[in-house]
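Colleague: I have a model open and want to learn how to read it. Where do we begin?

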Amino acid sequence: MNPTRLHRALRSALLTLLCSIAPCMETHGQGTGPLGHQSWTTENGLPQNSVHQIFQTQDGYIWIATEGGAARFNGIDFKIFHHDDTPAFASDDVCCFAQARQPGSPLWIGTSDGLLQYSAGSFRRYTTSEGLPSNDFLSLATADDGSLYLLTSNGLAHFNGKNFTTISAPGSASALVTSESGNPWLVTSSGPFELQPNRALPHALPLPLPAEPLQGAGTLPNHGAWLRTSTTITLLSDGHARTLTAGRDLPGTRIESFFADSRGLFWIGTNRGLFMLSNTAGQPILEPSLSANSILSLFEDREGNLWAGTETAGLFILRQQSFVTIPALSDQVITSITQCGDGALWAGTNGDGLDRWQNNAVQHLSTKNGLLSEIVLALAPGTQNSLWVGTPDGLNRIQGGHVEAFTSADGLPDDLIRSLLLDSDGTLWIGTRRGLAHWHDNIFTTYTHANGLGSDLVGALVQPHSSRDLWISTLDGLSLLHNGAITTYTTRDGLSGNVITSLYEDPQGALWIGTKGNGLSVRIKGHITSLQRADLPQTIDSILGDGSNLWLSSSRGIARVPQSQLIACAVSGSCDLHANIYGRSDGMPTEETTSIGHPAAWRTADGRLWFATRKGVAIADPLHLQENRIPPPVVIERFTVDDAELPVAQPIPYGHSRFVFQYAGLSYTAPSRIRYRYILEGFDKQWTEAGTRRTAYYTSLPAGHYTFRVQAANNAGVWNETGAALSLSVRPPFYRTLWFILLAVTALIALGILLYRLHLRRLRSQFAAVLAERNRMAREIHDTLAQSFAGVSVQLELISQLLAQSHPSAASQQLDRTRAYVREGLAEARRSIWNLRAVTAQNTLPTRLTHLVEQSRAEPLAIQLNIGGTYRPLPPAVEDEVLRIAQEALINIQRHANATQAAIDLRYDTTRLHLSIADNGRGFSPATVHNNGHFGLQGMRERAAQINAQCNIASSPGHGATVSLDVPISPEKGSRKNA
């Protein structure tokens, strides 16, 4: 026998075997449905491969107890807790977990060296120093009141939240188990005991105790019960009792674990695999994925997934699946599927001929049976249970074991047949590369692009339910054959794309159109609408309907979409659409369906959906789909700021640039297909659809208060709209804090006031400077021009007297003296008024004072000048002021005192200059003197103030007057003041 014939013979035998065991598989499916499995070991992140317990906490995490530490699982990643990174773990040998039902209760972890309490991310360790009978734990359980029971290697204890109390129990204890009564049971060699605070009460079960010591016990629905020893398991269910023994009823030598799931199935773990028992009278069925493993622990999560912990092979999960497959076809590329009127199911392959299933019998057809090719591209049921087969080499008709062939020699436009469709009148439509052929009365009629087809390359064909029209998919649009005329629709008419790959008409008459690369379109009531969306396949290989949903196959799996949602999208344009995407985790042999032939999917008479894939067929039963209606819990696992974890209880300093939120939806049915959406309240305006991404990134958040919220939807589209939330705040920079703003406003106000005051001071200073300059000029005019004019007036009077007395020579001399006096007065005025700050004197103060005295002598006033002390030069401005004061005093004596004598005393001390001018005139009272248009005394005082001198005027009526001036003569002070 050659290899090809051997392969076909073996394949036929496998198919026959499959059909012979199909009833058994179907019975199994009625109880549990198809099961898929997934496993994790140390290579996938598990800390150690011996799994002693599996536990689900209130927040939804799965915890795994191993001999290498505890692992927390979110469906994708493990978080490991052991001695190396968690000091509370004195030992990595973890036996068990427990958590009370009250919200917010801590998780209790038993190890071989202490009890651990885990709450709010931190651990606390309890040992014998807190009252425990031993640090080596065997089992944990909680009661309805929230208290904890602990079984150690040295006895039993109870923890009420404050203290540990030891409880004595008879017999050798083996385990703690929860019960429906609310109080845990203690399983001992002498039977089960119900635990109550500080005591253990015997509990009778409706089963006789086995001879061997009990390892486990529990109740079952309808007053049932179970007892387990190391070699037997005894079940009482629905009034029927049965004992299974290891080595006789079950393979292996030990029974390691037992679990009754929520569907009423019994799972028995042995040292030689896991077995399912649907009822006490049934036969144990081996779960193939765990056939060679010792099953230490079993657990069912809230979604109904079964978990199994093994001794050496790690962690397993068994999930209900939506698809089954045919193992014998797993290595075949299936091209097309159809079912004939007699119920026979036909499958074409890509290179291995054609197979027929019916009544547990299989028939394989190939070129040896008359097929034109081993490659089957198209199938169509014919009349009288016949079958039409399209191949690359022509057309076959199979009827009653007879195979008939048609080729281009018989009138076909091309031998490569791409699609077939039986018309309601019994004629056949054939799609080829060179147009559409219609076979009737053994005659072929051809329609091509010249007749209106969008393209000569014809694909899927569909005939409406209510007419004789024909929809034709082509490479360049969708064509409609109506009454012999062809109309073609393209993207101009609303199609999402022109390359049509699949067609389906639903019972309501809507035509669903799949394209290559442009998604889905629909024609409703003569109007075509594009439904191209990111959440739907872009290249659709085939379309099927189950009455309420559309099934779209593609190279990325099969999408199931509620038809009502699609219609709403087509009508309104805005809709909430959810597509269930199925893949390998749902039982498909591969996610890649095929688009080689037509039809690539078929709905059988019993309502099941068959899809052609590149690794066999994928079969779904829409009436018995496992729908996950449990919203997935959502947790925020990690929050980092610039890659560092910061406490969110305190404001985050301003200036960080990268904020990362890591979250997880805790659904274990299909973790990879959990979808997320999130929003950062205070920053985002709307929710962000994150798809399956489990991380949210934000950069450079401004200062403010924020709340990050995340929601998750499971694989069935059920959203947990409560989700998880995390509040945080970003501290503003110092220049945006309230205290800084208040300080800045205060500073601005103070600055404004200061500037205003400085402005006023400047105005006052300017005014004072102008006033001072005015006073100075008034003084200078008074002391220069006015005095000069007065002197000139005296001289002119004297000249007048001399001329009257006929003394012309003396008058001439006096006139010359008057001219000189006028010139000197004018020069002095220029110096004082126009050359304001210039140095004017070329002589010293004594010299200038002497010259002043000489000018001021006149009858009858005699002036005596005394100069004493060592001469000390003063700044020119100081000497000017001293001279002006002396000048003003002499003028006052001449004009107002009627004095005959005046004495001027100028004396230099080490640090002072003293000037005294006294007369014997009539005197006056300084307190009663007012300006009255004269500013002599006031000018003297102002001049003294300019040089920091003290000017005193002492006088009384009848006793003359004395002017005293005390001037500091320090050069430094004088220079700084008058620089």
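This is a predicted model: local features need pLDDT of at least 70, side-chain atom pairs count only at pLDDT 80 or more; totals for chains, interfaces and linings use all residues.

Colleague: Which residues of helix H7 are buried?

Modeller: First the general idea. An α-helix has 3.6 residues a turn, so residues three or four places apart point the same way. Now the case. Helix H7 covers residues 936-946, and its buried residues are Gly936, Leu937, Gly939, Met940, Glu942, Arg943 and Ala944.

Colleague: How many salt bridges does the structure hold?

Modeller: It holds 26. Take arginine 434 and aspartate 414, whose side chains meet at 2.7 Å, N to O. Arginine 434 lies in the loop between strand S39 (428-432) and strand S40 (435-440), and aspartate 414 in the loop between strand S37 (402-406) and strand S38 (417-422), so the pair ties together parts that are 20 residues apart in sequence.

Colleague: Is aspartate 414 buried or exposed?

Modeller: Buried, because its relative accessible area is 7%, under the 20% cut-off. Arginine 434 counts as partly exposed, at 45% relative accessibility.

Colleague: And which residue pairs with arginine 629?

Modeller: Glutamate 627, in a salt bridge whose closest N and O atoms are 3.8 Å apart. Arginine 629 is exposed, with a relative accessible area of 56%. Glutamate 627 counts as partly exposed at 32% relative accessibility.

Colleague: On to cores. Which residues touch the most other members of the largest nonpolar core?

Modeller: The general idea is simple. In soluble globular proteins, nonpolar side chains tend to be buried together. Here the largest nonpolar core has 35 residues, and Val882, Leu913, Leu915 and Leu965 touch the most other members. At least two residues of this core come from each of helix H5 (845-856), helix H6 (876-897), strand S66 (901-908), strand S67 (912-919), H7, strand S68 (950-955) and strand S69 (961-968). H6 gives the most, with nine residues.

Colleague: What is leucine 915 in contact with?

Modeller: Setting aside neighbours within four places in sequence, leucine 915 contacts Leu849, Val882, Ala886, Ile904, Asp905, Leu906, Val963, Ser964 and Leu965. There is also a second, separate core of 32 residues, which includes Ala71, Ile80, Phe81 and Trp307.

Colleague: Now strands. How many residues of strand S6 are buried?

Modeller: In a regular strand the side chains alternate between the two faces of the sheet. As for S6 (residues 94-99), six of its six residues are buried. S6 pairs with strand S7 (residues 107-111) in the antiparallel sense, over five bridges. Alanine 98 has tryptophan 108 in S7 as its bridge partner.

Colleague: Which residue takes a positive phi in the hairpin of S8 and S9?

Modeller: Alanine 120, near 55°, in a hairpin with two residues between the strands. Strand S8 (residues 114-119) and strand S9 (residues 122-126) run antiparallel, joined by five bridges. Serine 119 stands opposite serine 122 in S9.

Colleague: One last residue. What does tyrosine 489 touch?

Modeller: Not counting residues up to four places away in sequence, tyrosine 489 touches Trp471, Gly477, Leu478, Leu480, Leu495, Arg523 and Ile528. Tyrosine 489 is found in strand S45 (residues 485-489) and is buried, with a relative accessible area of 18%. Compare sequence with space: tyrosine 489 and glycine 454 are 35 residues apart in sequence and 8.0 Å apart in space, C-alpha to C-alpha.

Notes
Residues are numbered from 1 along each chain as its sequence is written. Side-chain values use heavy atoms; hydrogens and water are left out. Buried means under 20% relative accessible area, exposed over 50%, partly exposed in between (1.4 Å probe, protein chains only). Helices (H or I, at least four residues) and strands (E, at least two) are DSSP runs, numbered from the N terminus. Two strands pair if DSSP finds at least two bridges between them. A nonpolar core is a set of buried Ala, Val, Leu, Ile, Met, Phe, Trp, Tyr and Cys residues joined through side-chain atoms within 4.5 Å. Contact means heavy atoms within 4.5 Å. A salt bridge is a side-chain nitrogen of Lys or Arg within 4 Å of a carboxyl oxygen of Asp or Glu.
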